[in-house]
Amino acid sequence: MDWMYLKTFYYAATLKNLGKAAAVMHRSQPAVSKQIKALENSLGCQLFTRLNSRNMVLTEEGVRVLQFTEDVFQRRVGLMRELEGLRNGEAGRVTLAAGTATLSLMLPDAMERFRQRYPKARLTLLERSPDVALDMLSRGKIDLTLALESQIPAHLTTYYWKTAHFVLMVPRGHELTSCRQVQLEDVARFPIIKLASHVRFASGTKLEQTFAEYGLAMNVFLEARNIYLMGEYVRRGFGVSLVTSLADGIPLFREELEFLPLDHLFRPERILICTRRNSSLSPCARSLLEVLLEEREEDGSIPKEKSVP
């Protein structure tokens with residue numbers, strides 16, 4: 001099976017347009033059509049139901065071949081990264097995507113250790129929401145991400161890292177700090193500051209769902225895109241916010257905010273490091289994974305996973 005034929009088929013299948021595929025491949029449209037026909041002949045099946053050259057629909061066989069092609073491309077990217085790492089010794093490249101709070105409040109120390117240990121490595125961090133980061137990982141666009149266990153699809157390989165606790169972020173000295181155990185009814189008395197509703201898996205979404213289950217009204221004061229904006233308005237007394245925290249707290253406006261435990265209302269969740277299954281990590285990505293696992297929390301209630309491959 002010719003590599004160039006697969007590449008041509010991939011662009012035709014994803015762009016659904018022979019002209020666009022030809023432009024991307026820097027070939028003429030007849031040449032692209034000829035390569036697709038040659039691939040069909042070698043496979044012994046029709047890959048497209050051709051309505052016309054600008055509206056191409058995959059057959060069932062075509063869908064299967066596209067899945068195979070995408071897998072081949074992902075493996076090729078991983079192979080090239082691994083070969084680069086082998087050529088350059090401790091050098092190489094690795095890309096990690098995660099949410100704002102994870103990148104800014106949980107990972108800087110580990111990233112600093114990695115940079116000191118592997119100064120020649122090309123480390124790229126991408127700020128992305130959990131659903132976007134997980135999709136990028138699934139499609140082979142990044143090497144690693146971190147997410148809550150409930151967010152992660154079953155087809156990824158995961159390693160336990162730490163446990164996230166849901167806490168209520170309030171201004172220091174807020175009246176709720178005097179409660180022995182904060183209840184949902186107590187939270188409902190105050191304006192809510194939360195992540196924007198379109199941000200999937202956010203703690204604010206969990207609070208919305210729980211309020212709805214118990215028939216409680218939510219008075220939303222602010223929908224924000226990151227925890228820093230949320231903290232700014234909470235510390236000024238505009239409302240309270242549900243956020244996730246590690247066991248040792250959140251290093252955010254330390255002198256002006258308090259974080260009230262809500263383990264009795266919301267079950268803590270495991271934070272997992274995610275990689276693609278059946279895809280070898282490059283030496284550089286493996287090194288970053290090992291650095292992250294050095295600060296893994298011990299928790300007897302959580303089963304240990306296999307060692308780093």
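Which element gives the largest share of the lining of the second largest pocket? I started my notebook with that question. The answer is α4, with six residues.

**Entry 1: ground rules**

I am working on a predicted model, where local features need pLDDT of at least 70, side-chain atom pairs count only at pLDDT 80 or more, and totals for chains, interfaces and linings use all residues. Residues are numbered from 1 along each chain as its sequence is written, and side-chain values use heavy atoms, with hydrogens and water left out.

**Entry 2: the whole chain**

I looked up the elements and found eleven helices and eleven strands in the protein chain. Helices (H or I, at least four residues) and strands (E, at least two) are DSSP runs, numbered from the N terminus. The chain has 309 residues, and 45% of them count as buried. Buried means under 20% relative accessible area, exposed means over 50%, and partly exposed is in between (1.4 Å probe, protein chains only). Then I checked contacts, meaning heavy atoms within 4.5 Å. Among those between residues at least 6 apart in sequence, 73% join residues at least 24 apart.

**Entry 3: the pocket**

I went back to the second largest pocket. Its volume is about 420 Å³. The search runs on a 1 Å grid over the protein atoms alone. A cavity is a set of points where a 1.4 Å probe fits but cannot get out, while a pocket is an open set with protein on both sides within 12 Å along at least five of seven lines. Lining residues have an atom within 4 Å of a point. For the volume, grid points are joined across faces, edges and corners, and the space filled by probe spheres set on the points is taken.

I counted 13 lining residues, of which Tyr-10, Phe-73, Gln-74, Val-77 and Lys-141 lie nearest the centre. The elements that give two or more residues to this lining are α1 (3-15) and α4 (60-87). By class, I noted five nonpolar, two polar and six charged residues. Ala, Val, Leu, Ile, Met, Phe, Trp, Tyr, Cys and Pro count as nonpolar, Asp, Glu, Lys and Arg as charged, and the others, Gly among them, as polar.

Which residues of helix α6 (residues 108-117) are buried? I found Ala-110, Met-111 and Phe-114. They cover an arc of only 100° around the axis, so they sit on the same side of α6. The arc is that of the directions from the helix axis to the C-beta atoms. An α-helix has 3.6 residues a turn, so residues three or four places apart point the same way. On the other side of α6, I found Asp-109, Arg-115 and Gln-116 exposed. The buried residues of α6 pack against β3 (92-98), β4 (121-127) and α11 (283-293).

Eight of its eleven residues are buried, so α11 is largely enclosed by the rest of the structure. Among them are Cys-284, Leu-288 and Leu-292. The cover over the buried residues of α11 includes β3, α6, β4, β5 (144-148), β6 (156-171) and β11 (269-276).

**Entry 4: helix α9**

In α9 (residues 203-213), I listed Ser-203, Gly-204, Thr-205, Leu-207, Thr-210 and Phe-211 as the buried residues. They pack against β6, α8 (184-187), β7 (192-195) and β9. Gly-215 follows α9, and its phi is positive, near 70°.

**Entry 5: positive phi outside glycine**

His-26 has phi near 60°. It lies in the loop between α2 (18-25) and α3 (29-43). His-26 is exposed, at 73% relative accessibility.

Phe-253 has phi near 45°. Its loop runs between β9 (241-245) and β10 (257-261). Phe-253 is partly exposed, at 25%.

**Entry 6: single residues**

Arg-235 is in helix α10 (residues 227-235). Leaving aside neighbours within four places in sequence, Arg-235 is in contact with Pro-171, Phe-253, Glu-256 and Leu-257.

Thr-100 is in helix α5 (residues 100-106). At 19%, Thr-100 is buried.

How many disulfides does the structure hold? I found zero. A disulfide is a pair of cysteine sulfur atoms within 2.5 Å. Cys-274 is buried at 0%, while Cys-45 is partly exposed at 21%.
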